[in-house]
Amino acid sequence: MLTVACVLRSGGIYTPEWVARLKAGVSRHLPVKHRFVCLSDVEVPAKRIPLEHGWPGWWAKMELFRIPGPVLYFDLDTAIVGDLSDIAEHATYAAGMTMLRDFYAPDHCGSGVMAWSGSMRALYDVFAKDADRLMTVQRARMGDQAFIEEETTAKLGRWQDHLPGQIVSYKVHCGRGITADARVVCLHGRPKFDDMPANDPVRLAWEQ
């Protein structure tokens, strides 16, 4: 069965409400059988997998790789705006790992939406053995994304290549509303949903 996952590390701008909103969006738009989980150090309105480490911020995402595939991961600042069937099918059956092509630096990857069908436990193991050094080294680059990219280059796919137009950037693609083929809208920085006008279609989709 497909696992749809998110991560909530306490102490930042995200709260359990963000987990509830994402879970609701997935429930509305994913017609196939799945389980929704959240890796977190606080109680959440979903099946909770406790975080085992004190890795701060985005580094908490490294614990995702303890979960065997098929896994489809979304950052919390993500709006689900359309049918996820194609994305879920790719997550379930595609070999290796799939990440975003960074919206501003297309030669690099983004970790806002990820999927793997097999095991990525080796990523977790490598990081856990040397976490302090790796967080220091990669902080000056692209953080968790740089680490994942370096460790998985040979078997790393990009969502935009597999499913063009289905996963888009709010800032890059949604200036005139949600694009026709979009299924997922990524915020990646400001604005967040509550910064948007009350009638913004992406905000409305997230608030349903």
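What follows is what I looked up, topic by topic.

**Ground rules**

I am working with a predicted model, where local features need pLDDT of at least 70, side-chain atom pairs count only at pLDDT 80 or more, and totals for chains, interfaces and linings use all residues. I number residues from 1 along each chain as its sequence is written, and side-chain values use heavy atoms, with hydrogens and water left out.

**The sheet**

I started with the strands; helices (H or I, at least four residues) and strands (E, at least two) are DSSP runs, numbered from the N terminus. I count two strands as paired if DSSP finds at least two bridges between them. As a reminder to myself, strands of a sheet pair through backbone hydrogen bonds, either parallel or antiparallel.

In what order do the strands of the open sheet lie? I read seven strands, S3-S2-S1-S4-S7-S6-S8, with mixed pairing. The edges are S3 (47–50) and S8 (156–158); each has a single partner strand, so one side of each is left without a neighbour in the sheet. On average, neighbouring strands of this sheet are turned by 30° against each other, direction ignored. For such angles, axes are lines fitted to C-alpha atoms, for helices over the stretch in contact, and angles run from 0 to 180 degrees between N-to-C directions.

Next I checked what packs on the sheet. Helix H1 (residues 16–29) does, touching S1 (2–8), S2 (34–40) and S4 (71–74), where contact means heavy atoms within 4.5 Å. The direction of H1 makes about 165° with that of S2.

**A closer look at S7**

I picked S7 (residues 109–116), which pairs with S6 (residues 97–101) in the antiparallel sense over four bridges. Here Leu 100 stands opposite Gly 110, and Met 97 has Trp 116 as its bridge partner. S4 is also joined to S7 by four bridges, and these two run antiparallel. In that pairing I found Tyr 73 opposite Met 114.

Is S7 mostly covered or open? Mostly covered: eight of its eight residues are buried. My cut-offs are under 20% relative accessible area for buried, over 50% for exposed, and partly exposed in between (1.4 Å probe, protein chains only).

**Cysteines**

How many disulfides are there? The count comes to zero, taking a disulfide as a pair of cysteine sulfur atoms within 2.5 Å. For Cys 38, the closest cysteine sulfur is in Cys 6 at 3.6 Å, too far for a bond. Cys 38 is buried, at 0% relative accessibility. Cys 186 is in no disulfide either, the nearest cysteine sulfur being that of Cys 174, 9.5 Å away. I note Cys 186 as buried too, with a relative accessible area of 5%.

**Salt bridges**

I counted 13 salt bridges in the structure, each being a side-chain nitrogen of Lys or Arg within 4 Å of a carboxyl oxygen of Asp or Glu.

- Glu 43 and Arg 48 come to 3.4 Å; Glu 43 is exposed at 60%, while Arg 48 is partly exposed at 26%.
- Asp 130 and Arg 133 come to 2.4 Å; Asp 130 is partly exposed at 29%, and so is Arg 133 at 46%.
- Arg 190 and Asp 195 come to 2.7 Å, and Asp 195 is partly exposed at 42%.
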